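Work through the exercises below with the sequence and the model at hand. Each task is followed by a worked solution.

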Amino acid sequence: MPLADHLRELRNRLAKAMLALVIASVVAVFYSQQLMDFLSSPVPKCPPDSPLADNTGGRCVVLAYQTMLSPFTSTVKVVMLAGLIASSPVWLYQLWAFIAPGLHKSEKKYTYWFAAVAVPLFAAGAYTAYLIMPVSIRVLISITPEVASNFLSLDDLLDFTTRMVLVFGVAFELPLLLIMLNLTGVVTGKRMAGWWRAMVMGTFVFGAVATPSTDPLGMIALAGPIIVLYFIAVGFSMLNDRRRARNNPDAALADDEASVLDHTPEPVGALDPVPAAHALPEQATGDTDGARAHRTGGYDDIT
């Protein structure tokens with residue numbers, strides 16, 4: 001299609017994705033209170049009848065808003081996040097429908113497989129983050145002195161939860177990316193296996209830097225599953241390389257490396273008859289003197 005038609009199609013697909021996002025967000029407005037309770041459930045909240053001066057500062061948190069607009073902005077963030085997650089099948093399909101016409105049949109097969117595995121991996125990462133959040137928050141507030149109390153803004157809690165979910169969800173996609181690189185022939189399973197020391201060290205460093213909480217539990221909870229998934233990806237890639245070598249003996253060769261040629265002679269078979277060339281005019285008439293006059297260096301002009 002011309003460029004204008006591609007832009008028009010992109011506009012239509014973005015409009016459909018935005019419409020689905022708006023509809024899902026409007027529905028989420030009616031469940032905003034339940035969503036806020038769900039997001040704040042990992043926080044050990046102080047009971048309503050406990051005085052703030054009591055020695056409970058290191059064991060519970062008082063959730064509060066710090067500005068007049070905070071209740072509105074927090075609700076909007078929660079509603080938009082819920083709408084984005086709920087409408088993900090629609091906007092993912094619109095993205096796929098816009099890209100699919102430019103893909104080959106094999107590439108479409110890989111993208112189907114990628115989409116089918118990516119969503120459960122992201123959900124598993126988000127669920128892992130939600131599981132360790134109560135322990136991480138308790139570890140963080142446990143160092144509060146007894147003379148102080150913990151006041152936590154719901155905006156900060158929402159940012160903390162969002163970062164944890166996104167970091168864990170995206171990190172769980174790393175082994176899938178390595179598998180896709182192996183399927184496309186970019187990297188081999190043997191080379192990936194040689195990276196295991198750097199991958200283990202880099203994963204723990206990434207877990208320490210990327211997690212919002214500073215406790216070692218969050219780092220271990222993030223790095224442990226990623227390392228396990230990494231070795232699963234290495235095993236899958238090595239099996240895929242072995243299958244590829246059986247189907248194609250030259251698959252392991254580099255682009256500038258010559259393959260082994262078979263020099264065994266084969267029978268030529270019967271000869272095909274070749275028709276004789278037409279005689280030259282001077283040969284047909286027998287004019288040898290005229291033919292000699294047109295020769296240069298012993299050859300006919302036509303030759």
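**Exercise 1: Burial and surface**

Of the protein's 303 residues, 31% count as buried, where buried means under 20% relative accessible area, exposed over 50% and partly exposed in between (1.4 Å probe, protein chains only). This is a predicted model, in which local features need pLDDT of at least 70, side-chain atom pairs count only at pLDDT 80 or more, and totals for chains, interfaces and linings use all residues. Residues are numbered from 1 along each chain as its sequence is written, and side-chain values use heavy atoms, with hydrogens and water left out.

Task: state what share of the accessible surface belongs to carbon and sulfur atoms.

Solution: The accessible surface is about 20400 Å² (Shrake-Rupley method, 1.4 Å probe). Carbon and sulfur atoms account for 68% of that surface.

**Exercise 2: Secondary structure**

Task: count the helices and strands, then give their order.

Solution: Take helices (H or I, at least four residues) and strands (E, at least two) as DSSP runs, numbered from the N terminus. There are twelve helices and two strands. Along the sequence the pattern is α-α-β-α-α-α-β-α-α-α-α-α-α-α.

**Exercise 3: The largest nonpolar core**

Task: find which residues touch the most other members of the largest nonpolar core, and which elements supply it with two or more residues.

Solution: A nonpolar core is a set of buried Ala, Val, Leu, Ile, Met, Phe, Trp, Tyr and Cys residues joined through side-chain atoms within 4.5 Å. In the largest, of 26 residues, Ile 137, Met 164, Phe 168 and Leu 222 touch the most other members. Two or more residues come from each of H2 (32-40), H5 (105-141), H6 (154-171) and H10 (216-247). H6 gives the most, with eight residues.
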